[in-house]
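Please look at the chain below slowly, and let your eye follow the backbone from one end to the other.

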Amino acid sequence: MGQTAEQTVGQAAGRTVGQTAGRTVGRVHSFQSMGAVDGPGLRCVVFLQGCPLRCVYCHNPDTWEFGVGQSVTPQEMVEKILRFRPYLKRGGVTVTGGEPLSQPEFVRELFALLRENGIHTALDTSGAGGRKRARAVLEVTDLVLADVKFLTDEEYRRYCGADFSQIREFLSLTREMEKPLWIRQVIVPGLNDDPRRMKRLADLLREYPNVERIELLPFRRLCLEKYEALGIPFALADTPEMDGETLAVLAEELRAHTAAAVCC
Ligand code: SF4
């Protein structure tokens, strides 16, 4: 009797995934099978539900709420991911959100299972969540994509509702654990697009020799509709999108102050 592709994949996954079976359940917002911008190569991207921050430019306000989203076990998620395995050879899996460190048990188990299956794991995080949680996840993380959103305590408080010292502690932990680090910063006109800030960013990041790459990402307003649908005011509704030319100038300025690869 013939098998559907689905059955074949499911059984193959069952053989390889079952060893670390647990009872952890994650709250998942959504899943993208072929992401090309969240880490190296083609990647499955898992968006987790729940975030303690409130960044003024957040693109995913629908991930903020805790306790909602689809309930999925790490094993179920791995089975789903293994269907795309042939495409992930030079890529892997990125977990993002929301804030993945808000669900450390789920991410740790998921990453451990993925590694058992030889799949590269990347954590896309703001760094909020505390050292203990972060360490447990980092132990099974191959690459960290860390958003360094602003440069001072005051800016972090004002524009993200976050504690910058906690973010710096997280970056220090990645250094201590020798985890490759890609830094990302969303550039917003009028907030952090002054070229002089690039030297300050480079100075800050010099403390972390594990930084391999810095990505400057343009602020976009594509999320406006989401805010409207959720009935949440979007603080940057009148802010223009970031243009490519200015971003390229900022990237050039940053290159003058860092040995890390810079892209935009
Ligand atoms: S950390 Fe990410 S998901 Fe959370 S509010 Fe900021 S941009 Fe949005």
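**Reading the model, from a loop to the sheet**

E178 is exposed, because 10 other C-beta atoms lie within 10 Å; by the rule used here, a residue is buried if 20 or more other C-beta atoms lie within 10 Å of its own, exposed if 12 or fewer, and partly exposed in between, with C-beta atoms placed from the backbone. The model is a predicted one, in which local features need pLDDT of at least 70 and side-chain atom pairs count only at pLDDT 80 or more, while totals for chains, interfaces and linings use all residues. Residues are numbered from 1 along each chain as its sequence is written.

E178 is placed in the loop between helix 6 (164-176) and strand 7 (181-187), where helices (H or I, at least four residues) and strands (E, at least two) are DSSP runs, numbered from the N terminus. Most residues other than glycine have a negative phi, and most peptide bonds are trans. Against that background, the phi of E178 is near 55°, a positive value in a residue other than glycine. The peptide bond from G97 to G98 deserves a look as well, as this bond is cis, with omega near 15°. G98 belongs to the loop between strand 4 (92-96) and helix 3 (104-116).

Helix 6 itself has 13 residues and reaches 18 Å from its first C-alpha to its last, close to the 18 Å expected at 1.5 Å a residue (the expected span is 1.5 Å times one less than the number of residues). Which residues of helix 6 are buried? They are F164, I167, F170, L171 and T174. Seen down the axis of helix 6, these buried residues fall within an arc of 115°, so they line one face of the helix; the arc is that of the directions from the helix axis to the C-beta atoms. An α-helix has 3.6 residues a turn, so residues three or four places apart point the same way. On the face of helix 6 turned away from its buried side, the exposed residues S165 and E176 are found.

Strand 1 (residues 26-35) runs antiparallel to strand 3 and is joined to it by 3 bridges; G26 has V72 as its bridge partner in strand 3, and R27 has S71. Strand 1 also pairs with strand 2 (residues 43-48), in the antiparallel sense and over 5 bridges, and here the bridge partner of Q32 is V45. Strand 4 and strand 5, by contrast, pair in the parallel sense over 3 bridges, with A122 of strand 5 as the bridge partner of T94.

Why is strand 5 (residues 121-125) described as largely enclosed by the rest of the structure? The reason is that 5 of its 5 residues are buried. T121, L123 and T125 point one way from strand 5, A122 and D124 point the other way, and all are buried.

Finally, consider the ligand, which is surrounded by C51, L53, R54, C55, C58, N60, T63, G97, G98, E99 and S126; a residue is near a molecule or strand if its C-beta atom, placed from the backbone, lies within 6 Å of it. Sorted by class, this shell has 4 nonpolar, 5 polar and 2 charged residues, where Ala, Val, Leu, Ile, Met, Phe, Trp, Tyr, Cys and Pro count as nonpolar, Asp, Glu, Lys and Arg as charged, and the others, Gly among them, as polar.

Key. Pairing = 2+ DSSP bridges.
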